[in-house]
Amino acid sequence: NKRLLLSETLTERFKCLYSGSVYSSIHGFSQEEIKEKLLAFPGGSIDLLKQDSGIAVLTINNPPRMNAFSGAMMVDLEEKVTQLENWTDGKGVIVQGAAQTFCSGSDLNAVRAMSNSQVDGMKMCMFMQNTLTRLLRLPLISVALVEGNALGGGAELTTACDFRLMASGSVIQFVHKHMGLVPGWGGAARLVTLVGSRNALKLLGGAVKVDSELGVHIGLADGVLKVDLDAARAETGLQQAESWLSQYTKGPAPVIKAVKKVVLSGRELSLSDALRTEKDIFGSVWGGPANLQALASKSKHK
Ligand SMILES: CCCC(=O)SCCNC(=O)CCNC(=O)[C@H](O)C(C)(C)COP(=O)(O)OP(=O)(O)OC[C@H]1O[C@@H](n2cnc3c(N)ncnc32)[C@H](O)[C@@H]1OP(=O)(O)O
C-alpha cells in the first residue's frame with residue numbers, strides 16, 4: 001500500500017512539474033475554491049497584448065492603487081499566463097505596470113480583509129506561487145520592465161521573470177518586514193537564486209530600497225533604461241525593453257522556446273534529469289526547418 005501511495009505521489013509530482021504548478025490537490029489545494037474567494041476583491045485588470053514580433057506585453061493595470069494586485073487581478077494573471085503557455089508563435093514577454101509605475105504589491109484592502117483567516121492567506125499565497133512559478137517556467141524569455149516602484153508582492157513579481165530592466169529613479173523593495181511579513185509569492189526563494197543568500201538576507205532583513213545602480217551591482221537588474229532629455233528623440237521604457245529583448249528573440253519561435261527550455265531545465269532539475277531533458281529538447285529541433293535551412297545555407301559564424 002505504501003508503494004502504491006508513493007507511486008501515486010510521484011505521478012502527481014510529475015503532473016505538477018509538467019503543468020508548471022507547485023501545488024495541486026495532493027497538497028489540499030483547490031485552485032477553483034481560492035479563485036472564488038479572490039474574485040470577492042474586484043478592481044484593476046491584467047492586460048495581455050500579443051504582438052506579431054513574438055513579444056507579448058503583460059500590463060499590471062490598477063493605477064488608482066499604484067498597480068496593487070486586487071484578488072480579481074490575481075485570477076486574471078493566472079488566466080493570462082495560461083494564454084501565454086498556449087501561444088505557439090510566442091518568443092518573449094515583457095511584464096510592465098501601467099502609468100509608469102510597476103506594482104505596489106498586494107492590495108492592502110484585500111490583505112486587511114483576509115488577515116483574520118490564516119487559511120485564506122495561505123491559499124492566496126499558494127495560488128500566487130503557482131501562477132508566478134508558471135510565469136517563470138513559460139517557454140518564453142521574460143523581462144520585468146521596472147519603472148517607478150516595485151514593492152512587496154511587486155518586487156516578488158520582478159523575480160518571476162528571466163530578466164529585470166530598471167528605469168533610472170525606479171526602486172525594487174521587499175517591504176515585507178515593515179508589514180510584519182516575509183515574501184510568500186515565492187520571491188524569497190527566487191531572490192536567493194538571483195543574488196545569493198547573503199545579498200537576499202540583506203535585502204529582506206533591511207527592506208533595502210534597491211535602485212538601478214545597486215540592482216545592477218548585485219545582479220538583480222540586467223540593465224538600466226536610458227533617459228533622453230530630448231523628448232522628441234526619447235524612446236519609451238517599453239520601446240527600450242522591446243529592443244533589448246529582441247537581441248535574444250531573433251529567430252524562429254521553436255528554436256527560441258527550445259533555448260528557454262534547456263536553460264530552465266538546467267536551472268531547476270538535477271544534473272542527470274537536466275541532461276536527459278536537454279537531449280529531448282535537442283531532439284525537438286534536430287532536423288527541424290531552422291536546422292535544415294541553416295545547414296543548406298553553409299552559414300559562417302563571423
Ligand atoms: C505577499 C504580498 C505582500 C505585499 O505585497 S503587502 C503590500 C506591500 N505594499 C505596500 O505596502 C505599498 C504601500 N504603498 C506605498 O508605500 C505608497 O502608496 C507608494 C506605492 C510608495 C506610492 O506613494 P505615493 O506616490 O505617495 O502615492 P499614495 O501613497 O498616495 O498612493 C496612491 C494611492 O494608491 C493606494 N495604494 C498604494 N499602494 C497600495 C496597495 N498596496 N494597496 C492598496 N492601495 C494602495 C494609496 O492608498 C493611494 O490611494 P488613495 O489615493 O489614498 O485612495
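Guide: Here's a walk through one aromatic cluster, ring by ring. First, the ground rules: this is a predicted model, where local features need pLDDT of at least 70, side-chain atom pairs count only at pLDDT 80 or more, and totals for chains, interfaces and linings use all residues. Residues are numbered from 1 along each chain as its sequence is written, and side-chain values use heavy atoms, with hydrogens and water left out.

Rings of Phe, Tyr and Trp (its six-membered ring) pair up if their centres lie within 6.5 Å; planes under 30 degrees apart are stacked, over 60 edge-to-face, and the rest tilted. That rule gives six aromatic pairs. Take Phe-163 and Trp-244: their ring centres are 5.0 Å apart and the planes meet at 75°, so this pair is edge-to-face. It ties together distant parts of the chain, 81 residues apart, with Phe-163 in strand E6 (residues 163–167) and Trp-244 in helix H9 (residues 237–249). Those elements are DSSP runs numbered from the N terminus: helices (H or I) of at least four residues, strands (E) of at least two.

Trp-244 has another partner, Tyr-248: with centres 5.2 Å apart and planes at 65°, that pair is edge-to-face too. These two sit four residues apart in helix H9, so about one helical turn separates them. Put together, Phe-163, Trp-244 and Tyr-248 make one aromatic cluster.

How covered are they? Trp-244 is buried, at 18% relative accessibility, while Phe-163 is partly exposed at 24% and Tyr-248 is partly exposed at 38%. Here buried means under 20% relative accessible area, exposed over 50%, and partly exposed in between (1.4 Å probe, protein chains only).
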